[in-house]
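Here are my notes after going through the model.

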Amino acid sequence: MKQDTIPKAVCFNGSKFLSEPTNQPETSLAPHNTRDLTKKREDYLEWSEYFMGLAFLSAMRSKDPVSQVGACIVNCDNKVVGVGYNGMPLGCSDDVLPWNKYGQNRLETKYMYVCHAEMNAVLNKISSDVKGCTIYVALFPCNECAKIIIQAGIKHVIYMSDKHASKDETKAAKIMFDLAGVEYRKFVPRQKKIIIDFEAIDWNYPNQDLGQKTDEGRSADGLENLTLEDCAK
C-alpha cells in the first residue's frame, strides 16, 4: 500500500511556505519544553495571522514554478467561506498547458490560461455569496481579480506583498477599489514565521517538570503521570 510522503514541518516565513526537515531530536511548542497547564496559551495565532496563514498554505497547492499565490475569504463572523490558489482551469491538464512566463506569442505563456487565487476563492465559496467579506491574499490583486472581488461584494482586501505596484494592472486595480469603496491594506505579521509541525500533536507531556514523584504514578503535587494517549483524549 502506497503511503503519502509529507514533510514533518512546514514553515511560513511571511513570503512563502518552505518544507523543512525536522532533524532535531525533539520539537516542542513551548520554550524550554514546558508549559503552564493552569493558564491559557498566550502564543496562539491572531485571527489575521490564521487567515493569512491559510492563504499561504493554500498557495502550496499551486503548480506554478514562479509564483504560488493563495487566497482566503472570511465573513464578518470570522468564518472561512472560500479558499483558492493559482492554477489551470478544471479539466485542463497542467501537464499540457504552458507554465512559461515568456514565449513567441502569448498563447505559449501561462497568462492566457491560469486562474488566479482570488477567482478560485470566490468560485469555491461555500456560502450563498461573499458580500461584505474580507479576502486575505499573498499578492495584491491584479485588475481582473479586482473586478471579480468588486462584483462579488467583497469589501476588504488584506494583502502581504505589493511587489507589482508599478504595473498598470495593479494601478488599475487600486483605481477600481477606490471607486467601489473596497478597502485594502498591507498585512503586517507579528512574527516572520509560522511553523506547522505534524509531530506537535504528540508533544512530550510526560517529560514536563510536574514535581518529584512520591510514589509510582503520582507526583508530589498530586498530578498523575499521564500518557500521550491520555493527553489526546
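1. Thr134 is a buried residue, at 16% relative accessible area; buried here means under 20%, exposed over 50% and partly exposed in between, with a 1.4 Å probe and protein chains only. Beyond its neighbours within four places in sequence, Thr134 touches Cys72, Ile73, Val74, Ile154, His156 and Ile158, a contact being heavy atoms within 4.5 Å.

2. A word on provenance: this is a predicted model, where local features need pLDDT of at least 70 and side-chain atom pairs count only at pLDDT 80 or more, while totals for chains, interfaces and linings use all residues. Numbering starts from 1 along each chain as its sequence is written, and side-chain values use heavy atoms, with hydrogens and water left out.

3. Thr134 sits in strand β5, and its bridge partner in β6 is His156. The two strands, β5 (residues 134-139) and β6 (residues 156-161), pair in the parallel sense over five bridges. For the bookkeeping, two strands pair if DSSP finds at least two bridges between them, and helices (H or I, at least four residues) and strands (E, at least two) are DSSP runs numbered from the N terminus.

4. Zooming out, β5 and β6 belong to an open five-stranded sheet with mixed pairing, in the order β4-β3-β5-β6-β7. The edges are β4 (80-85) and β7 (183-186); each has a single partner strand, so one side of each lacks a neighbour in the sheet. On average, neighbouring strands are turned by 15° against each other, direction ignored.

5. What lies across β3 (70-74), β4, β5 and β6? That's helix α1 (residues 47-59), running at about 140° to β3. Axes are lines fitted to C-alpha atoms, for helices over the stretch in contact, and angles run from 0 to 180 degrees between N-to-C directions.

6. Now helix α3 (residues 143-152): its buried residues are Asn143, Cys145, Ala146, Ile149 and Ala152. They pack against α2 (117-123), β5, β6 and α4 (168-180).

7. The α3/α4 pair packs at an angle of about 20°, axes 8 Å apart. That makes α3 roughly parallel to α4; the cut-offs are under 35 degrees for roughly parallel, over 145 for roughly antiparallel, 65 to 115 for roughly perpendicular, and oblique for the rest. Asn143, Ala146, Lys147, Ile149 and Ile150 of α3 meet Glu169, Ala172, Ala173, Met176, Phe177 and Ala180 of α4.
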